[in-house]
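Please read each point alongside the coordinates.

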Amino acid sequence: MSPSMKYVLVSGGVISGVGKGIIASSSGLLLKTMGMKVSSIKIDPYLNVDAGTMNPKEHGEVFVLDDGGEVDLDLGNYERYLNITLTRENNITTGKIYLHVIEKERRGDYLGRTVQVVPNITDAIIEWIQRVAKIPVDDTNEEPDVCIIELGGTVGDMESMPFVEALVQLKRKAGRDNFFQIHVSYIPTIHGEQKTKPTQMAIKQVRSYGLIPDLIACRCERDLEAPTINKIAQFCHVENDQVLVVRDMPSIYQVPLLLETQGLVPLLKAGLRLDDISVPASLLSRGNEVWDKWKGLTTQNQDYLAVVSIALVGKYTEFHDSYLSVLKALEHSAMQCQRKLEVKWVDSEHLEPKTKGSDSAKFHKAWHEVCTADGILVPGGFGTRGTEGMIAAANWARENDAPYLGICLGMQIAVIEYARNVCGVQGATSEEFSKETTPKTQSIVDIKNMSLDGPVPDGVNAKADAAQLKEGAKGDKSKNLIVFMPEIDKTTMGGTMRLGRRPTHFQPQYEWSKLRALYGNHKDIHERHRHRYEVNPAWVPTLEEAGLAFVGKDDENVRMEIVEIKDKKWFVGVQFHPEYLSRVLTPSRPYLGFVAACAGMLKEVTEQEKNWNADQTTVNGKAHGAF
C-alpha cells in the first residue's frame, strides 16, 4: 500500500497580497531539500475559468504552462522555486468547478438529484485536489509525497466559502498526520506598536469554519518583539514556536532561508510525520546540493556588486506584477552574472511625441531612462497604445548599439522598426495596430502551400503576385509586417491564442547566432508561447536581405521565432516567452545573454555556458531535478 498523500494548506487572513505564494513556494522548497517530491495547487475563488482574459493591471501577469494553460502568477512562483512542471489543472477556479458540475448535471450524471453547493460543489473540489495532487511533476515521474495547496484571497471572503468547506472535509478524509495548515496573517505597526488584534480575529474566524492552523506565519516589516509573539501564541492557542516571524527580506529568494531559521523544517517533519517516508539517497543528496547552491546564490551581498541597469519599456509599468516573470528572469540572470539589478520602469507612451506636447517632463524623463540604461527590454503586450514609443526605443537601441531584448510583441516591434528605418517601408505596422488590411496579407498556410504552377490563393489575382508573395520580393505588399495567425479564433478571446511549449529550430546558415551559443549550440529548443500575431512571411526575404536574420523558425520553417542582428552587442527578439521557463539556478538563455551583454561580459558567460544542455532544466517536458 502506497503512503497517504500529505497536504500543506497555506491560507491567509486580515488582508490579501501579503506573500502567501512566496511562503507556499518556500515551504515547498524546504520540503524538496529533504528529498520529498512536491506538487502544488493554487485555488482562485474568482468565477473566471482561467486567468487568460484578465487585465494585467488588475490581476498581474498571466503565467503560461507547458500544456498551454493560462494560470495565476503564483504557479510561476511554484515552478521557479521547486523546478517542477505543472498543468492547467493545478490552478483551480470557481469557474472551473462550477462548469465541471454543471456539465455533469446536463449529462444527467446526478440522476435527477438536486445539485447543491454542499455536497456536490465541495465533493468536486475534493476530488479535483486528490486527483491532481497525484500527478507527477518532475523527472522522477513518480507520485508526489506532498502537495502544497494555496487558498487565494482571505478566509471569510464569501466567494471562497465552498473551498473552505471542501478543505475542512479534505482534512478529515486525509486523516491524522496528513494535513498541515499554515495561516498567513499581517501584523501592522501603528505609532510604533505592533498590533495583534487583526491576527487574533483572523485566527478566531478561520477556526470557526473548522480549519485549525498548525502554524501562524506573521508578515511584518521588522522582527516581532517577544511580547508580541507571546500575545499571538496565547490568544490564538498555539505554542510560541508555532508563530513564524516572516519579516520583509532584501530578496524574496531569502525567504526559504528565513523560514529555515524559524524552525519550519522540524515543524513540518513532526506535523506530517515525514520521517516515516522512505526517501531515496539520490533525492536527498540532490536536495542538499540544491540547497547549498541556493544559499550561495541568494546570500550575495548586493552592496558590493556592480550595478546593471535595464530600461523595461512597457505598457503596464505602473503595476510591476504585470511583468512578474520578466522581472524574475532578469533577477535570475543578474544573480548568475553577479550583478545588482536595477530596473528602470518606462511607460512606452511617455516616449511618444504626443507626450512631449502634453507633459514634456515625463517625455524627457522617459528618454533619459532609456538613454542611460545599460540595455533596453520590450516585453509582451496587447493593443496599439504605446507601441510607437516601443518602436522609438527599439530604434534607439539599434542605432546606438545598446543591448536589446524583445519578447513576443517586443520582437514584432523590432521587425516593424527595421522595416521602417532600414528597409524603407514607410507606414510599416502590425495588423493588430491597423484596422485596414489588404488582400495581399497572406496567412502562413497560404504562403506554405503556394505554388507558381498550382492554384492561386484567394485574394491573389495573378501568378506574378503569387511569386512576389512567395519570395517576399518587390511588389505591392501589405504594410502589415505583423499579421493575425490564420488558425486563431477572431471572435472568442479565452484560450484561443497560440499557447504552450513548442519547438523552435535554429537555421543552419546562422551558426554565428549569439543566442544559439547560449543554448549550447543545440539545433532545436522548446519554449512557451502566448500570442495571436506573427511576422508576415511575405516580408521575410526582404528583411533578411537587409540584414535582419530570422535565426529560429517553427516546425514548418515558415513561422518566425527568433530574430537577431549579427553585428550588434546583443539585438535579439523572440516570439516566445522564455521567462516562463527561467529558474533561480538555471536562468533563461535569452535573458542571461541580454543581462550579460548589458554587463559587458557576454563572451565570458557564453564560454561558461557552452556545455549547457536542455536536460539541465527539463527532461521529456518534465522539470529536471528534485528542487
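1. Asn-557 sits in the loop between β21 (549-553) and β22 (560-564); strands (E, at least two residues) and helices (H or I, at least four) are DSSP runs, numbered from the N terminus. Its phi is near 65 degrees, a positive value in a residue other than glycine. Most residues other than glycine have a negative phi, and most peptide bonds are trans. Asn-557 is partly exposed, with a relative accessible area of 39% (buried is under 20%, exposed over 50%, partly exposed in between; 1.4 Å probe, protein chains only).

2. The model is predicted: local features need pLDDT of at least 70, side-chain atom pairs count only at pLDDT 80 or more, and totals for chains, interfaces and linings use all residues. Residues are numbered from 1 along each chain as its sequence is written, and side-chain values use heavy atoms, with hydrogens and water left out.

3. Asp-177, in the loop between α6 and β7 (179-186), also has a positive phi, of about 70 degrees, although it is not a glycine. Asp-177 is partly exposed, at a relative accessible area of 21%.

4. Val-118 and Pro-119 are joined by a cis peptide bond with omega of about 20 degrees, and Pro-119 belongs to helix α5. Helix α5 (residues 117-133) has 17 residues and reaches 23 Å from its first C-alpha to its last, close to the expected 24 Å (1.5 Å times one less than the number of residues).

5. Which residues of α5 are buried? They are Asn-120, Ile-121, Thr-122, Ala-124, Ile-125, Ile-126, Trp-128, Ile-129, Val-132 and Ala-133. Their cover includes β1 (6-12), β2 (38-44), β5 (91-93), α4 (94-107), β6 (146-151) and α6 (161-174).

6. Helices α1 (residues 20-33) and α10 (residues 264-272) pack at about 75 degrees, with axes 10 Å apart (axes are lines fitted to C-alpha atoms, for helices over the stretch in contact; angles run from 0 to 180 degrees between N-to-C directions). That makes α1 roughly perpendicular to α10 (65 to 115 degrees). Ser-27, Leu-30 and Leu-31 in α1 meet Leu-264, Val-265 and Leu-268 in α10, where contact means heavy atoms within 4.5 Å.

7. Strands β16, β17 and β20 form an open sheet in the order β16-β17-β20, with mixed pairing (two strands pair if DSSP finds at least two bridges between them). Because β16 (429-430) and β20 (533-535) stand at the edges with a single partner strand each, one side of each is left without a neighbour in the sheet. Three bridges join β17 (residues 480-484) to the antiparallel β20, where Tyr-533 is the bridge partner of Phe-484.

Methods. Parallel < 35°, antiparallel > 145°, perpendicular 65-115°, else oblique.
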